[in-house]
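Here is a short briefing for a reader who is new to this structure. Look over the sequence and the model first, then take the points below topic by topic.

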Amino acid sequence: MAIWDLETLGEKCVINLCDGKDLGFVCDVRFSSEDGRICAFVVPKCCGIFSVGKCDSLIIPWEKVECIGEDTILVRLSPADYSCCLCPRPKRKGTRF
């Protein structure tokens, strides 16, 4: 069993096996409050020119993760999953975006 920290996971590119899209990099991990298991990976999704503008997060449920490799995390998200997994990222205090 491999052990990763958030920094190591953040260096792995997340690829969707359904359409081959590069979804970005993991910026956070969500855990279950009951047993401490990983529930989901969070991948930031910025829209707009030079990624300035609306920023959302793609929440990828653990069940959608197929494989965690040396360089990539392979997930299986159908087009319907994109809409249900996208949630607005809260605006941080003191930032313009």
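Two strands count as a pair if DSSP finds at least two bridges between them. By that rule β6 and β7 are a pair: three bridges join them, and they run antiparallel. The model is a predicted one. Its protein chain has two helices and eight strands.

**Overall layout**

- From the N terminus, the elements follow the order α-β-β-β-β-β-β-β-α-β.
- The protein chain has 97 residues, and 27% of them count as buried.
- Take the contacts in the protein chain with a separation of 6 or more: 39% of these come from residues 24 or more positions apart.

**The four-stranded sheet**

- Which strands make up the open sheet, and in what order? Four strands form it, in the order β2-β1-β7-β6, and the pairing is mixed.
- The edges are β2 (22-25) and β6 (65-68). Each has a single partner strand, so one side of each is left without a neighbour in the sheet.
- From one strand to the next, the twist averages 20°.

**Strand pairs within the sheet**

- β1 (residues 13-16) and β7 (residues 72-75) pair in the parallel sense, over four bridges. Ile-15 has Leu-74 in β7 as its bridge partner.
- β1 and β2 pair in the antiparallel sense, over three bridges. Here Cys-13 has Phe-25 in β2 as its bridge partner.
- β1 and β2 also form a hairpin, with five residues between them. Gly-20 sits in the turn and has a positive phi of about 75°.
- β6 and β7 form a hairpin too, with three residues between them. Val-65 stands opposite Val-75 in β7.

**Two faces of β7**

- Which side chains of β7 are buried? Ile-73 and Val-75 are; they point to one face.

**The nonpolar core**

- The largest nonpolar core has 15 residues.
- Val-14, Phe-41, Ile-60, Ile-73 and Val-75 have the most contacts inside this core.
- β4, β5, β6 and β7 are the elements that give two or more residues to the core.
- In soluble globular proteins, nonpolar side chains tend to be buried together.
- What does Val-14 touch, leaving aside its neighbours within four places in sequence? Its contacts are Lys-21, Asp-22, Leu-23, Gly-24, Val-26, Val-43, Ile-60, Ile-73 and Val-75.

**The aromatic pair**

- The structure holds one aromatic pair.
- How do the rings of Phe-41 and Trp-62 meet? Their centres are 5.8 Å apart and their planes stand at 75°, so the pair is edge-to-face. The cut-off for that label is over 60 degrees.
- Phe-41 lies in strand β4 (residues 38-46), while Trp-62 lies in the loop between β5 (55-61) and β6. The pair therefore ties together parts that are 21 residues apart in sequence.
- Phe-41 counts as buried, because its relative accessibility is 2% and the limit is under 20%.
- Trp-62 is partly exposed, with a relative accessible area of 36%.

**Cysteines**

- How many disulfides does the structure hold? The number is zero.
- Cys-13 is buried, at a relative accessible area of 14%.
- Cys-27 is partly exposed, at 37%.

**A buried serine in a loop**

- Ser-32 is placed in the loop between β3 (28-31) and β4.
- Is Ser-32 buried or exposed? Ser-32 is buried, with a relative accessible area of 17%.
- Not counting residues up to four places away in sequence, Ser-32 touches Arg-37 and Cys-39.

Notes: Residues numbered from 1 in each chain as written. Predicted model: local features only at pLDDT ≥ 70, side-chain atom pairs only at ≥ 80, totals over all residues. Heavy atoms only, no water. Axes fitted to C-alpha atoms, helices over the stretch in contact; angles between N-to-C directions. Phe/Tyr/Trp six-rings, centres within 6.5 Å; stacked < 30°, edge-to-face > 60°. Buried < 20%, exposed > 50% of the residue type's maximum accessible area, 1.4 Å probe, protein only. Disulfide = S-S within 2.5 Å. Core = buried A, V, L, I, M, F, W, Y, C linked by side-chain atoms within 4.5 Å. Contact = heavy atoms within 4.5 Å.
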